[in-house]
Structures are given as structure tokens and as C-alpha cells.
Amino acid sequence: MKKSIGLSVCLFCLSFASFEQTFNQPSYINRVEKFLSCISKDSLAVVQFPFEDSMRMKWERLPGQRMGLKLAHFTETQKIAFHELMRSCLSTQGYLTVTAVMFNEDIQKKFEPTLGRNEYWVEVFGNPSANGFWSWKLEGHHLSLNFTFRGNQMISNSPFLMSTNPANSITDSARAGLIILYKEEELGRQLVNALTEAQLKKGYNSRKKTAIVYSEQDKNNIHVPDEGIYYDELDKDQQRLLKTLVMEYFNNFNPGEVPSVDDFCNKKLRFFYVDCREKGKPHYYRFENGQQIIEYENYDNHIHCFWRTDNDFGKKIK
């Protein structure tokens, strides 16, 4: 009887591991091919571009027209196929956050008619194949998702931008109290307030943030001032809190594609927080290790979150 139970447990674990591996490694090529097969010949010229097209490596968070096919013009079949592609690259958390950001634009649509849940564009670059390079992009106001592949292998998930306006839906009675990027804000404040007075001298400054965050000042490279407290200068509890916050960003990606938090939290990693440490006040923070950056700002109830690497658009691989 004991052997039978033991065997059953082993078989369950093996099947669960097999399921987890299958789930974490979807066929990205199949997903994008299914999406492209739903596009008419005329519209395909608007959606698909050569991998070498210069627009592939351009990104923007501001509202305005983009290349590609606008969601407002998608058929129901195209929407379903695109959501399958998007879900394959994101975790459940990431997928729900991205779609919440899009629907959140309907609040601002009351004041800015050009905004809204369908004011986003989709582009595919290259011809998806077993060995070829290709990518897809979703972009519009407050969103820029860029995924690059070699065959069925994801080689880059950056730049990745998610933002919300309003951050806290106090202006919309139907969604009053809704905060989409809640933990990104709360954990950042917890981390800076966990610093000692001596640590604050390195990891905090009460000045106002720069007008344009560093992730946008140079869209080709990562460059920030020489400031911040190093990861190794934090105690164990502070390091755990820092990793929890970093994982909040990384957990937006498909579980099989999550960046290594240990690699990110190397000896070069620095944390820096600017402006107010009180809830509801303007604030900014970043994590940067010379090769990767997480950057966050919340001004006027308006959040921008950035994830960038020195391998944006897979430029280190190709």
C-alpha cells in the first residue's frame, strides 16, 4: 500500500512538472502565425514589416498615432488571436495588468477624446520561423511591450513600459479606489522607509525628480547619475524587501521567461529614491546595475514604470 501511494505521488509530481514545463514554454511561433493568419492581405501590409525596419527599435509612451494595425480596427477573431499571443508572453498578473492599463484609458477619454482602450497598435517584425529573428510590439499611450525572438526562443522582453493615469481612480466613481500598480508604489515606499539614517544619505534625496526619467532621456543606452545605495550595503531584511519589489516587475512575464532576480541584484545594483516618502505625495525610485534598470515615478497621481536592459530589442544577440 505504501509503495502504491509513493508511486502515485511520484507520478503526480512528474506529470505536474511536465505540465509546468509545457505551460512555461508555449509555441510563440504558433501563436503569432495564428494571429497573422487572421489578417487580410491588405491589412497584412500594415501589420507586418521586415525585421530590419528601423521602427522596430523605436518606442514611445506618449499618445499619438503609431505604425501597425489599430485595435479599434480589429475583428473579434483577430482580437482573440492577439490576446492568445499576448498571454503566451505574459503571466496572468502581467496580462491582467496590461489589459487593466488599457481599460483605464477610458477614464481619461472623458477629458481627452483621443484616448481609450482601443487606441493601441500592433506590429510584427520579420517572418516567424524555426531559426529566424522576429518580434512583435503593442504600443500606445502608457504601454510599450516589445518581445524579440530567435525561432521559438524569447531573447528579449525589453523595453517594457506600463503606466496608469489616474494611478488611483479617485476621479471615477465607478472605479473609485482602483489602483492598478499598487505594489510597485507601496513596496517602494516601504523599502526607502526601511533604510537607516546613515543609509538614507546614500539611497535617498528630497530633491524633485528630473523632468524626463533616465529611461527616456537616452532610449538607446542606460545612463544614470552616480548615486544610490548598493545592494550589498543593505541588511538581509532590506535585501529581501528589495527582491520582493523587483519580483513584482519580473512576475509580469511568462513564468518560463522571468529574469533572474539574483543576477539583477548583483554587486553593482543600486537603489535610489527621490522626493517625498509619505503616501499620496510625489515620488520616484530606480534600481540600476549598469546593464538593466527598473524606473518608477508617480507625479500628479500618474505612474510610469520602465524595464530596460542593454539587450533591448535583442540587440546584444543578433
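Trainee: How many of the 318 residues of the protein chain count as buried, as a percentage?

Mentor: 52% of the 318 residues count as buried. Buried means under 20% relative accessible area, exposed means over 50%, and partly exposed is in between, with a 1.4 Å probe and protein chains only. The model is predicted, so local features need pLDDT of at least 70 and side-chain atom pairs count only at pLDDT 80 or more, while totals for chains, interfaces and linings use all residues. Residues are numbered from 1 along each chain as its sequence is written, and side-chain values use heavy atoms, with hydrogens and water left out.

Trainee: What are the volume and the lining of the largest cavity?

Mentor: The volume is about 60 Å³. A cavity is a set of points on a 1 Å grid over the protein atoms alone where a 1.4 Å probe fits but cannot get out, and lining residues have an atom within 4 Å of a point. Points are joined across faces, edges and corners, and the volume is the space filled by probe spheres set on them. Phe160, Leu161, Met162, Tyr249, Asn252, Phe253, Cys305, Phe306 and Trp307 form the lining. Strands S7 (160-164) and S13 (303-309) are the elements that give two or more residues to this lining.

Trainee: How do the residues of that lining divide by class?

Mentor: There are 8 nonpolar, 1 polar and no charged residues. Ala, Val, Leu, Ile, Met, Phe, Trp, Tyr, Cys and Pro count as nonpolar, Asp, Glu, Lys and Arg as charged, and the others, Gly among them, as polar. The second largest cavity, with about 40 Å³ of space, has 3 nonpolar, 1 polar and 5 charged residues in its lining. Among its lining residues are Arg207, Lys208, Lys209, Glu227 and Arg286.

Trainee: How do you know that Cys89 is in no disulfide?

Mentor: A disulfide is a pair of cysteine sulfur atoms within 2.5 Å. By this rule the count is 0. For Cys89, the nearest cysteine sulfur, that of Cys38, is 16 Å away. Cys265 is in no disulfide either, with the sulfur of Cys305 nearest at 17 Å. Cys265 is called buried because its relative accessibility is 7%.

Trainee: Why is Asp300 called exposed?

Mentor: Its relative accessibility is 74%, so Asp300 counts as exposed. Asp300 lies in the loop between S12 (292-298) and S13 and has a positive phi of about 60° although it is not a glycine. His142 also has a positive phi, of about 75°, in the loop between S4 (133-140) and S5 (143-150). With a relative accessible area of 0%, His142 is buried.

Trainee: What makes the peptide bond from Ser158 to Pro159 cis?

Mentor: Its omega is near 0°. Pro159 is in the loop between S6 (153-156) and S7. The bond from Asn165 to Pro166 is cis with omega near 5°, and Pro166 is in the loop between S7 and H6 (182-193). Most peptide bonds are trans.

Definitions and conventions. 1 Å grid on protein atoms, 1.4 Å probe; cavity = no way out; pocket = protein on both sides within 12 Å on 5 of 7 lines; lining within 4 Å. Helix = DSSP H or I, 4+ residues; strand = E, 2+ residues; numbered from the N terminus.
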